[in-house]
Amino acid sequence: MVIYGVAILAGCFLVGTVAGELIGSVMGIDSNVGGVGIAMLLLIVVVDKLVKSGKITKPSLDGLSFWNQMYIPVVIAMAASQNVLGALTGGPLAIIAGIAVVLISWAIVPILAGKQKEDPTYTKTAIRGEADA
Amino acid sequence: MLNTIKDVFIDNGFITSFLVVGVTMWLAYFLSNKLTKGKIHGSAIAIILGLILAYIGGVATSGTKGLSDISLFAGLGFLGGSMLRDFAIVATSFGANFDEIKKAGIRGVSSLFIGVILSFVVGAIFAVIFGYKDAVSIATIGAGAATYIVGPVTGAALGASSEVIAISVAAGLVKSVLVMVGTPLVARFIGLNNPMTAMVYGGLMGTTSGVAGGLAATDPKLVPYGAVTATFYTGLGCLLAPTVLFLITDMIF
C-alpha cells in the first residue's frame, strides 16, 4: 500500500529529527543538529534491507517515490517564500560578504573534492528512484 | 463572485499552492524548451521565477516570507516551509547509493568544518573592512556568512545589536539565493557532476535551501548527496560560531 512507503518515510524523518534535537541539546544549543541527514541515512538503510529481503511491494515504494518527486515543487515553493527583498535591501556589507563567501567556496570545491570522474553509472546502482521530476 | 473565488483559494491555501507551483513549473519548462532549447534546466528557471515572485511578494507586503505573505498564496509558505522541505529532502535519499556516501564520508565531514570556518572568516573580514571593531559584531556577521540561521543564533547568544543581526541574516540570504541561482552555472567549472563532489559541495556551502535548490537545478540525482552533508552544517555552525570561533575572534580584536 502506498501509505506504507509514506509511513516509512515519516518514521525515518521523525526518528532523525528526534536524534538531531537530542544531539543539539547534548551540545547545549537549541538547534537540530543533522537530524535530516540522520533521517536520510536511516531511510537508505531501511529501504535497502526491505528491498533485499523482498518485504516491500511496488505500491509501497511508490509512496516513497511520490515524495521523492515532489522535491522540486517543494523547492520552488520554498524559493517563492524566501525573503529575497531582505537579501537585496540588507545593505552593501551583507551583499558583498554574501557574494564573496560563495565565490571563494566555489573556488575551493575542486581542491577539496579532488579529481573525480563524471560517473553516469552511479544512479543505476540505486535501489529505485526517479529523481528527475 | 470574484470574492467567492478568492475566498475559496484562500481557505484552501495548501491546495492552491499545488496549482501555483504546477503552473510555475509548466511555464518554466515551456521557457526552457522554447527559449533555451533545454540548455537551462526547467527547474533552474522555475526556481528563479519563484525568487522573482518572492521579491514581488516582499515589495507588495513588506513582509519577510516572500509571495506567501500575500494571503492568496499563503499555502506556498507551508508547502515550501521547513517541515515539508525537510520531508522531501529525506525522500530524495530514496535513490541515493549508500556506498557512494560511505566513500565520501571523511571528505564530506572535513568539508563541513572547512565550510563553516571559511564562511565565518570571510564574513568577519568584510565586517572589519566595513568598520566593525567589536568582536561580538564581527563574529555575528561572520556567522551570518555561514547561514542565515547561524547568524541570528550567534548574535542572540553573544548579545549583538539588532542592526548587526539583521545584516547577518541578509548576508546569509544573499548566500542562499546566489547558491540557488549560481550552482547550475558554475557546476561545469568546478567538476560538480558526481556524488563525491556533491557531498563536498553541500558541506562547503552549507545553506540547505541553497544547496538543495542549486543541485536540483543542476542534476536532481545529486541532491541527496549534497543535502546529506548540508543538513549538518547549520547545526555545526550554531555550535562553533558562538563558542570557539567567537573566542578566537575575541582574542584577535
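Reader: Which helices of chain A have axes that come within 7 Å, and at what angle do they cross?

Author: In this predicted model, the axes of α1(A) and helix α2 (residues 35-52) of chain A come within 7 Å and cross at roughly 140°. The two helices are therefore oblique to each other.

Reader: What is the hand of that crossing?

Author: It is right-handed as α1(A) passes α2(A).

Reader: And which residues meet there?

Author: From α1(A) come I8(A), L9(A), C12(A), F13(A), V15(A), G16(A), T17(A), A19(A), G20(A) and E21(A). They meet G35(A), V36(A), I38(A), A39(A), L42(A), L43(A) and V46(A) of α2(A). By class, this contact has 12 nonpolar, four polar and one charged residues.

Reader: Let us step back to chain A overall. How many helices and strands does it have?

Author: Chain A has six helices and zero strands, so its pattern along the sequence reads α-α-α-α-α-α. Of its 133 residues, 46% are buried. Among contacts between residues at least 6 apart in sequence, 63% join residues at least 24 apart.

Reader: What about confidence in chain A?

Author: The average pLDDT of chain A is 80, and 85% of the residues score at least 70. Confidence is highest in helix α1 (residues 2-27) of chain A, at 90, and lowest in helix α5 (residues 84-88) of chain A, at a mean of 76.

Reader: Where does pLDDT stay under 50?

Author: That happens over residues 123-133 of chain A. The model has 29 contacts beyond four places in sequence for this stretch. Where pLDDT is low, the predicted coordinates should not be read in detail.

Reader: What are the corresponding values for chain B, and the scores of the model?

Author: Chain B has a mean pLDDT of 86, and 100% of its residues reach 70 or more. The model scores ipTM 0.81 and pTM 0.75.

Reader: Turning to the interface, how many residues are in contact?

Author: There are 94 residues of chain B in contact with 75 residues of chain A. On the chain B side, helix α10 (residues 162-186) gives the most, with 13 residues. That side of chain B divides into 59 nonpolar, 28 polar and seven charged residues.

Reader: How do α6(A) and α7(B) pack?

Author: Helix α6 (residues 91-113) of chain A packs on helix α7 (residues 105-129) of chain B at about 150°, and their axes are 9 Å apart. That angle makes the pair roughly antiparallel, since the cut-off is over 145 degrees. The crossing of α6(A) past α7(B) is right-handed.

Reader: Which residues make the contact?

Author: On α6(A), they include L93(A), I96(A), A100(A) and I104(A). On α7(B), R107(B), I114(B), L118(B) and F126(B) are among them. The classes are 13 nonpolar, five polar and one charged residues.

Reader: And α10(B) with α12(B): what angle do they pack at?

Author: About 15°, with the axes of α10(B) and helix α12 (residues 208-218) of chain B 7 Å apart. These helices are therefore roughly parallel to each other, and α10(B) passes α12(B) in a right-handed crossing. Among the residues that meet are K175(B), V179(B) and M180(B) of α10(B) and V211(B), G214(B) and L215(B) of α12(B). By class, the contact has six nonpolar, eight polar and one charged residues.

Reader: Lastly, is N3(B) buried or exposed?

Author: N3(B), in helix α1 (residues 2-11) of chain B, is exposed, with 7 other C-beta atoms within 10 Å. Its C-alpha atom is separated by 41 Å from that of G182(B), 179 residues apart along the chain.

Methods. Residues are numbered from 1 along each chain as its sequence is written. Chains are lettered from A and ligands numbered from 1 in the order in which they are written. This is a predicted model: local features need pLDDT of at least 70, side-chain atom pairs count only at pLDDT 80 or more; totals for chains, interfaces and linings use all residues. Two residues are in contact if their C-beta atoms, placed from the backbone, lie within 7 Å. Helices (H or I, at least four residues) and strands (E, at least two) are DSSP runs, numbered from the N terminus. Ala, Val, Leu, Ile, Met, Phe, Trp, Tyr, Cys and Pro count as nonpolar, Asp, Glu, Lys and Arg as charged, and the others, Gly among them, as polar. Axes are lines fitted to C-alpha atoms, for helices over the stretch in contact, and angles run from 0 to 180 degrees between N-to-C directions. Angles under 35 degrees count as roughly parallel, over 145 as roughly antiparallel, 65 to 115 as roughly perpendicular and the rest as oblique. A crossing is left-handed if the near helix is turned anticlockwise from the far one by less than a right angle, and right-handed if clockwise. pLDDT is the predictor's confidence in each residue, from 0 to 100. A residue is buried if 20 or more other C-beta atoms lie within 10 Å of its own, exposed if 12 or fewer, and partly exposed in between; C-beta atoms are placed from the backbone.
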